[in-house]
Amino acid sequence: MKIEEVKSTARIQRISAHSHVKGLGLDDTGVPIKIASGLVGQLQAREAAGVVVDLIKSKKMAGRAVLLAGPPGTGKTAIALAIAQELGSKVPFCPMVGSEVFSNEIKSTEVLMENFRRSIGLRIRETKEVYEGEVTELTPVEADSNLSGVGKVISSIVIGLKTTKGTKQLKLDPSIYDCLLKEKVEIGDVIYIEANSGTVKRQGRSDVYATEFDLETEEYVPLPKGDVHKKKEVIQDVTLHDLDVANARPQGGNDILSMMGQLLKSKKTEITDKLRVEINQVVNKYIDQGIAELVPGVLFIDEVHMLDLQTFTYLHKSLESPIAPIVIFATNRGRCTIRGTEDIVSPHGIPLDLLDRLLIIRTQTYNTNEIEQILKLRAQTEGLSLTDGAFKLLSEIGTKSTLRYAVQLLTPANQLCKINAKTQINENNINDVHAIFLDTKRSSKNLSDKNAKYMY
Ligand SMILES: Nc1ncnc2c1ncn2[C@@H]1O[C@H](COP(=O)(O)OP(=O)(O)OP(=O)(O)O)[C@@H](O)[C@H]1O
Ligand SMILES: [Mg+2]
């Protein structure tokens, strides 16, 4: 069996509104610290989220689901992203919004399935016999072509590899020359060549060359230790979706071929259920053999009330499958009609049988003091400066309307402040933006007062 590196397609997280959140801010015993890691208050929900993180890390949560429920702007999305930060980059975390499943081109269940597979990781460990070192010499040996008698062919490659222990010269088959060219190997690069397959992997440039003027993207690695010829453990983290993609679109070349070779013979162009079943079988085989380990990650579905009955049913079924991630839902709805039905009203717009499986974490509205702390954190991240009075005023506005409204006033207030050639946002700026931008409450009051003036 051969596995080569598959490019991870993990998506970049949408965090701009939450860029101040760095984690759950818990102490060693899992108790939340009042203000830490960019989070303020919301202690119960943070503690519960910490327990969820522990369960995920100890792999006791697969196939379970958690619901974050609470009024708008109470930090549900922020806490979910904090969970992602706590889990680290090795555990897949796939964020999506409920409405993403509706598309004209792709079935909603297909979107959901893809995201399910993005949230399940596979850690593949392999011990390989390799030749590893810094390239000190790279000479193709030419010979007269004995077929036509004209021209030259490469008969072998002489390559010098250096480690801390010494240098070794290898004479290699010419087929490896193509691999070396493809990886763009030069003298001074650290590479390893797999003894069985002859696959070449360039790890980076030897850090001896780090002082040279070079491209910023270059990665420098230390000179390998030990012998040139050795056994090396290679670890790769991929998601099931990465495997689906790699096998669905064969791009040719050595690296893809070695990626689960048996699946590639029939050229597949789209990810079908059949392909997924095949991949699952191979994955299960690897797990049984102890080569691979399943890493159930997190699928985060924000605004879950946007899903319709059909998707909920599919979701419920998928949670039962043996390979399932942990699903975290979030919603700000109370009782409402389930989408896709005429009149089935359910708490949070989620069907009761699914709701029954969930662990529910509640988030609560913030008091004026907490809002002020959050505003301070936001101002700091956005590089804004406010007078004490401005902070007080804005947090009172936030208490009366919503936290999000108050946070959103920061940027326009700064704009006014700049126009007035001031460096610090003051109460006047806040009052001005509060007057020109409405929050939902004032806007809907406005609508009901002046309803007759609008078109209907
Ligand atoms: N406890 C907190 N500490 C620090 N920042 C917070 C906290 N709670 C919320 N925020 C920030 O306030 C803003 C609104 O919070 P968030 O988007 O998480 O609310 P939500 O509960 O997801 O709301 P909605 O139901 O409308 O989606 C975000 O910028 C978020 O980062
Ligand atoms: Mg949200």
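Modeller: A backbone N or O atom of Ala 78 lies 3.0 Å from an oxygen atom of ligand 1, a polar contact being a pair of N or O atoms within 3.5 Å. This is a predicted model, in which local features need pLDDT of at least 70, side-chain atom pairs count only at pLDDT 80 or more, and totals for chains, interfaces and linings use all residues. Side-chain values use heavy atoms, without hydrogens and water, residues are numbered from 1 along each chain as its sequence is written, and chains are lettered from A and ligands numbered from 1 in the order in which they are written.

Colleague: How far is an oxygen atom of ligand 1 from an N or O atom in the side chain of Arg 404?

Modeller: The side chain of Lys 76 also takes part, with an N or O atom 2.7 Å from an oxygen atom of ligand 1. For the side chain of Arg 404, the corresponding distance is 2.7 Å.

Colleague: Which element gives the most to the shell around ligand 1?

Modeller: Helices (H or I, at least four residues) and strands (E, at least two) are DSSP runs, numbered from the N terminus. Elements that give two or more residues are β2 (39-40), α2 (76-87) and α12 (403-419). With three residues, the one that gives the most is α2.

Key: A polar contact is a pair of N or O atoms within 3.5 Å; within protein, one must be able to donate a hydrogen and the other to accept it, and residues adjacent in sequence count only if both atoms are side-chain atoms.
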